Amino acid sequence: MLRAGFDSIIWLVIGLVFIGMAVAALVFAVMAREDAYRAADKQTKKFWLIILGINLALNLLLPMLFLQIAGLIAAIVFMVDVRPAIKQVSGGGGGRRGGSSSDGPYGPYNGGR
């Protein structure tokens, strides 16, 4: 009896991870500009919205492990290949938002002057 409860919890966590990844990928796909997909030489925004939308719908409505894994692979491809390429052509890469190398967490460091 304890084993059945543990298995249920594990499957619930796995399902939530799949749904979370599907939601995150879809949100990032929606937020990116259409022209960034073309500039990054990736599939169109419409293509990714359809794929990721179907992924989310299948995860929510028809939780079959094979389909969930296929959707997870699509979401992972988007997150590790398409999203960084779009971010790079959109000017969102690098992590720094300007400033100089002597800037500290509260502004420019002036050497104690």
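The paragraphs below lead through this structure from its overall plan to some of its individual residues.

The model is predicted, so local features are described only where pLDDT is at least 70 and side-chain atom pairs only at pLDDT 80 or more, while totals for chains, interfaces and linings use all residues. Residues are numbered from 1 along each chain as its sequence is written, and side-chain values use heavy atoms, with hydrogens and water left out.

The protein contains four helices and two strands, and read from the N terminus these elements follow the order α-α-α-α-β-β. Helices (H or I, at least four residues) and strands (E, at least two) are taken here as DSSP runs, numbered from the N terminus. Of the 113 residues of the protein, 23% count as buried, where buried means under 20% relative accessible area, exposed means over 50%, and partly exposed lies in between, as found with a 1.4 Å probe on protein chains only. Among the contacts in the protein with a separation of 6 or more, 63% come from residues 24 or more positions apart; a contact here means heavy atoms within 4.5 Å.

In soluble globular proteins, nonpolar side chains tend to be buried together. The largest nonpolar core of this model has 17 residues, and those with the most contacts inside it are Ala25, Tyr37, Trp48, Leu52, Phe78, Val82 and Ile86. A nonpolar core is a set of buried Ala, Val, Leu, Ile, Met, Phe, Trp, Tyr and Cys residues joined through side-chain atoms within 4.5 Å. Four helices, α1 (2-31), α2 (34-39), α3 (45-61) and α4 (65-89), each supply at least two residues of this core, and α4 gives the most, with six residues.

What does Phe78 touch, once its neighbours within four places in sequence are left aside? Phe78 is then in contact with Ala25, Phe28, Ala29, Tyr37, Trp48, Leu52, Arg83 and Pro84. Phe78 also belongs to one aromatic cluster together with Phe47 and Trp48. A pair of aromatic rings is described by the distance of the centres and the angle of the planes. Rings of Phe, Tyr and Trp (its six-membered ring) pair if their centres lie within 6.5 Å, and planes under 30 degrees apart count as stacked, over 60 as edge-to-face and the rest as tilted. A search of the whole structure finds two aromatic pairs, one of which joins Phe47 and Trp48 edge-to-face, at 5.4 Å centre to centre and with 85° between the planes. Within this pair, Trp48 is buried, with a relative accessible area of 8%, whereas Phe47 counts as partly exposed, at 34% relative accessibility.

Another ring, that of Phe28, has the charged end of Arg83 over it, 3.6 Å from its centre. A charge is said to sit over a ring if NZ of Lys or CZ of Arg is within 6 Å of the ring centre and within 35 degrees of the ring normal.

Helix α4 has 25 residues and reaches 35 Å from its first C-alpha to its last, close to the 36 Å expected at 1.5 Å a residue, the expected span being 1.5 Å times one less than the number of residues. A kink of about 35° lies at Val82 in α4, shortly before the proline Pro84; the bend at a residue is the angle between axes fitted to the seven residues ending there and the seven starting there. Met79, which is found in α4, is buried, with a relative accessible area of 18%. The C-alpha atoms of Met79 and Ala25 are separated by 6.3 Å, although these residues are 54 residues apart along the chain. After α4 comes Gly91, whose phi is positive, near 85°.

The loop between α2 and α3 holds Asp41, which is exposed, with a relative accessible area of 69%. Most residues other than glycine have a negative phi, and most peptide bonds are trans. Asp41 has a positive phi of about 60° although it is not a glycine. Thr44 also has its place in the loop between α2 and α3 and is partly exposed, with a relative accessible area of 37%. Not counting residues up to four places away in sequence, Glu34 touches Thr44, Lys45 and Lys46, and the C-alpha atoms of Glu34 and Thr44, ten residues apart along the chain, are separated by 7.2 Å. Glu34 is itself found in helix α2 and counts as partly exposed, at 32% relative accessibility.
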